[in-house]
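Please walk me through this protein model, starting with one of its helices and ending with a loop.

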Amino acid sequence: MTLLLLLLLPGLCTAQFNPNVACGKTSIVHLFEWRWEDIAEECERYLGPNGFGGVQISPPNEHLIVTNPYRPWWERYQPISYKICSRSGDEEQFTDMVTRCNNVGVYIYVDAVINHMCGAGVGKGSSSTCGSTYDTNLSSFPNVPYSRLDFNDDKCKTTSGNIEDYQDADQVRSCRLVNLLDLALEKDYVRNKVTDYLNKLIDIGVAGFRIDASKHMWPGDMQAIVGRLNNLNTQWFPNGSRPFIFQEVIDMGGEGISAYEYSGIGRVTEFKYGGKLGTVMRKWNGEKMAYLKNWGEGWGFLPSDRALVFVDNHDNQRGHGAGGASILTFFDARLYKMAVGFMLAHPYGFPRVMSSFSWPRSFVEGKDINDWIGPPSYGNGSTKAITINEDTTCGNGWVCEHRWRQINNMAIFRNVANGQALTNWWDNAENQVAFGRGNVGFIVFNNDNRDMDVTLNTGLPAGTYCDVISGQKEGSRCTGKQITVSSAGTAHFKIRSSDDDPFVAIHINAKL
């Protein structure tokens, strides 16, 4: 019995840190604001066949309909009830999406908004995606139901009722975040309502949750809720599987709350990752790619098995949240592809790829005044469908970075390199770097202002490989560059500083 317990304990201790992705898959994509029916189709036609492990979806619960400004993206973060009824679709469409995605080995991770309900100043009405009534003057949400007793107003000590000092952990967790009605999660009644909602989603078949605004909830309350969650649906997951938990905790240092306070509950979104990688790729503040040799914990990040990493997310690509101007986005396509390529090649953390929609940026005094704009929509506010162009990119205003050849092929690279150590690091002490993953993959970057012409030890078996950045292997030929690895494991790399994509990646599955 003692031996059995010792064998079982590691799995129990790490359960909520396990992304639950299907065997051989190592990354997920955030299909921000996509409709459920479009996600189902994308799982079947693209994500499954191209090696992605899952999808982070936008919050599926009923939310406020905001008309001033008209239908912003952030209305999804203003809950009215826990009915599965959002601008992405209803419960039937949601269930169909989960089933179809799960059936092709692409799992669903729900963005769960459980810290708060909608804004305190909304007033009384039924302007919501399911028509449920609410009265924020009374903190009343009849379709949960919640009343004034279920909120933290009496606990908050600030004059405004909002967070005024981020050095004060009590304020951050007991006061309103930008005037959103803050739930009293220490109460069993509230915990039960939240867990009923999450468990319904688990029973439908989701694989886990991004917990929105985790920093604004006490770790003990978070732990209590996670502990009440059901095991995953055994139709798709092994018996006893626990939901994957990753928590939004913005910790850039210097505040009263640390991401480490949450790292025992589930993984934590490592916001320093994108901010610092963007600074390096932009070569700001004297940063160089050569300094990435000890990337990860060596840069003060969370332990790798506790971190969810990303180059950008839906907040900071708009200048919100953390990272500031250094954050790279699809607007910076050349550097962005290199940054995402680096993330997917490097073994640190569990990666999430961003898939965006576009909007017309307009800056006034350094701020994008259009950062509120919601997804591509018709005049009545309904979200436009995803359309696929002949070159497999997306139309209708959808960016679909996950379909960019360079990014998708690097997601496949990561799958091939899974479990392999970082090897054969090389740099020129500036912004030309290269490294391998065991004896299965090798990647080279030239982010210098001069051309690169080097012979490097790849550690790969001898042969001819297709570069998966400029093209890929199709049958018995390469559609892009070919790289020859010698019997000694070395290869010659020439990358011009002016190349559209100044990096090269090869792996054993791209060997002719």
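The expected span of a helix is 1.5 Å times one less than its number of residues. Helices (H or I, at least four residues) and strands (E, at least two) are taken from DSSP runs and numbered from the N terminus. The model is a predicted one, in which local features need pLDDT of at least 70 and side-chain atom pairs count only at pLDDT 80 or more, while totals for chains, interfaces and linings use all residues. Residues are numbered from 1 along each chain as its sequence is written, and side-chain values use heavy atoms, leaving out hydrogens and water.

Helix α9, residues 405–417, has 13 residues, and from its first C-alpha to its last it reaches 18 Å, close to the expected 18 Å. Of these 13 residues, 11 are buried, where buried means under 20% relative accessible area, exposed means over 50% and partly exposed lies in between (1.4 Å probe, protein chains only). Among the buried residues are Asn409, Met410 and Phe413. The buried residues of α9 pack against helices α2 (36–47) and α8, and against strands β15, β21 (432–437), β22 (441–446) and β29 (503–507). After the helix comes Gly419, with a positive phi near 85 degrees.

Helix α8, one of those partners, covers residues 333–345 and lies across β14 (307–309) and β15 (350–355). Its direction is at about 155 degrees to β15; axes are lines fitted to C-alpha atoms, for helices over the stretch in contact, and angles run from 0 to 180 degrees between N-to-C directions. Because 11 of its 13 residues are buried, α8 is largely enclosed by the rest of the structure. Tyr336, Phe342 and Met343 are included among the buried residues of α8.

Strands β14 and β15 belong to a closed barrel of 8 strands with parallel pairing, in the order β1-β2-β6-β11-β12-β13-β14-β15. On average, neighbouring strands of this sheet are turned by 30 degrees against each other, direction ignored. Two strands pair if DSSP finds at least two bridges between them. Strand β1 (residues 28–31) runs parallel to β2 and is joined to it by 3 bridges, with His30 opposite Gln56. On to the next strand, β2 (residues 54–57) and β6 (residues 107–112) pair in the parallel sense over 4 bridges, and here Gln56 stands opposite Tyr109. Helix α3 (residues 91–103) packs on the sheet, touching β2 and β6, and its direction makes about 140 degrees with that of β6. Both faces of β2 are covered, with Gly54 and Gln56 buried on one side and Val55 and Ile57 on the other.

UniProt, in an unreviewed entry, places a "Glycosyl hydrolase family 13 catalytic" domain at residues 26–414. That span is 24% helix and 17% strand, and its end C-alpha atoms lie 7 Å apart. The UniProt annotation "Alpha-amylase C-terminal", also unreviewed, covers residues 423–511, a stretch that is 0% helix and 52% strand. UniProt positions follow the numbering used here, feature names are shortened, and annotations may be inferred rather than shown by experiment.

Where does Gln472 lie? Gln472 is in the loop between β24 (463–466) and β25 (473–474). It counts as partly exposed because its relative accessibility is 25%. Beyond its neighbours within four places in sequence, Gln472 is in contact (heavy atoms within 4.5 Å) with residues including Arg405, Asn409, Cys466 and Arg477. The side chains of Gln472 and Asn409 make a polar contact at 3.0 Å. A polar contact is a pair of N or O atoms within 3.5 Å; within protein, one must be able to donate a hydrogen and the other to accept it, and residues adjacent in sequence count only if both atoms are side-chain atoms.
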